[in-house]
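I opened a new notebook page for this structure. These are my entries, in the order I looked things up.

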Amino acid sequence: MAQLLLGKEVTASLNEEIRRKVAQLNEQGVTPKLGIVRIGEREDDISYERGATKRCETLGAAFEKFLLPADASEEEVLKVIQAVNEDDSIHGVLLFRPLPRHLNEDKIVNALAVEKDVDGITDLSMASVFMGRGAGYAPCTPSACMRILDHYGIDCTGKKAVVIGRSLVVGKPAAMMLLKKNATVTVCHTKTVDMPAVVREADVVIVAAGRAGIVGADYLRPGQVVIDVGINVNAEGKLCGDVNFAEAEPVVAAITPVPGGVGSVTTSVLVEHVVEAALSKCRK
């Protein structure tokens, strides 16, 4: 039976530190504030928004929503981005992606001030992840994966790590973060030949494929640590990950459940970044 890498245990210690920093800001008359920009009514965006606002309320951060219809023009969206950039009361911004197809996502994303980019979506923020220096924050989800590894004392030094998925949202930044932990990293994707054999060689596996249950027992071996980033809804209408938990749990050494794993840590990391942005502004 695998050890469950529970998000609630990670967030308990993380949230305590966030509350301490929020109290420090409050003493200076500052309340850290998140601006949420959502275009359209995607259910997964709304679900994440709900979790983020609840976490803000729990930790003493404020938030303000900027909601636009799915057919909003590029000019309207850029006007909102300019407004949040110029609003000194807003310390961090969460812009939901993907944007509707008629919008120039690259232009809109990079209009966001890097110092307010708390989910690491701008080119400058991503450059800091890959170069190890510069402004901006790393994307929250891969950061949450690293927090889980750290909390449970999983040392990646010299270990073989495999990341399934090569998106800029999770896969590529997660690979860079694992490299910084001195792991030897392989990134798998849809063109990988014999992916199960590649994954079986890994000591640490981060799965961000975006397909429910794609990783089954044939991908896994005893002793592995598996971080499941996936959030999917199965045929029974229940949340599930990219890993077939029923097949994986009896085999591997440790695994994050879905729900109850990476997702809860991600929202705390988001608020932490907002708080850090507020502290950074106070230091100037």
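My notes cover a sheet, its pockets and one threonine.

**Entry 1, the model.** I note at the start that this is a predicted model.

**Entry 2, the sheet.** I looked up an open sheet of three strands and read its order as E3-E2-E4, with parallel pairing. Strands E3 (62-68) and E4 (92-95) stand at the edges. Each has a single partner strand, so one side of each is left without a neighbour in the sheet. I noted an average twist of 20 degrees from one strand to the next. Strand E2 (residues 33-39) runs parallel to E3, and seven bridges join them. Lys-33 stands opposite Ala-62 in E3. I then found helix H3 (residues 74-86) packed on the sheet, where H3 touches E2, E3 and E4. The direction of H3 makes about 165 degrees with that of E3.

The largest pocket has a volume of about 1400 Å³. Of its 45 lining residues, those closest to the centre are Asp-44, Tyr-48, Thr-141, Val-229 and Ile-231. Which element gives the most to this lining? I found that H2 does, with eight residues. By class, I read 20 nonpolar, 14 polar and 11 charged residues in the lining of the largest pocket. The second largest pocket has a volume of about 220 Å³. Its lining includes Asp-88, Glu-115 and Lys-284.

I placed Thr-267 in helix H10 (residues 262-283). Is Thr-267 buried or exposed? Thr-267 is buried, because its relative accessible area is 6%, under the 20% cut-off. Leaving aside neighbours within four places in sequence, I listed its contacts as Tyr-48, Gly-51, Ala-52 and Arg-55.

Note on methods. Residues numbered from 1 in each chain as written. Predicted model: local features only at pLDDT ≥ 70, side-chain atom pairs only at ≥ 80, totals over all residues. Heavy atoms only, no water. Helix = DSSP H or I, 4+ residues; strand = E, 2+ residues; numbered from the N terminus. Buried < 20%, exposed > 50% of the residue type's maximum accessible area, 1.4 Å probe, protein only. Contact = heavy atoms within 4.5 Å. Pairing = 2+ DSSP bridges. Axes fitted to C-alpha atoms, helices over the stretch in contact; angles between N-to-C directions. 1 Å grid on protein atoms, 1.4 Å probe; cavity = no way out; pocket = protein on both sides within 12 Å on 5 of 7 lines; lining within 4 Å. Points joined across faces, edges and corners; volume = space filled by probe spheres on them. Nonpolar A, V, L, I, M, F, W, Y, C, P; charged D, E, K, R; others polar.
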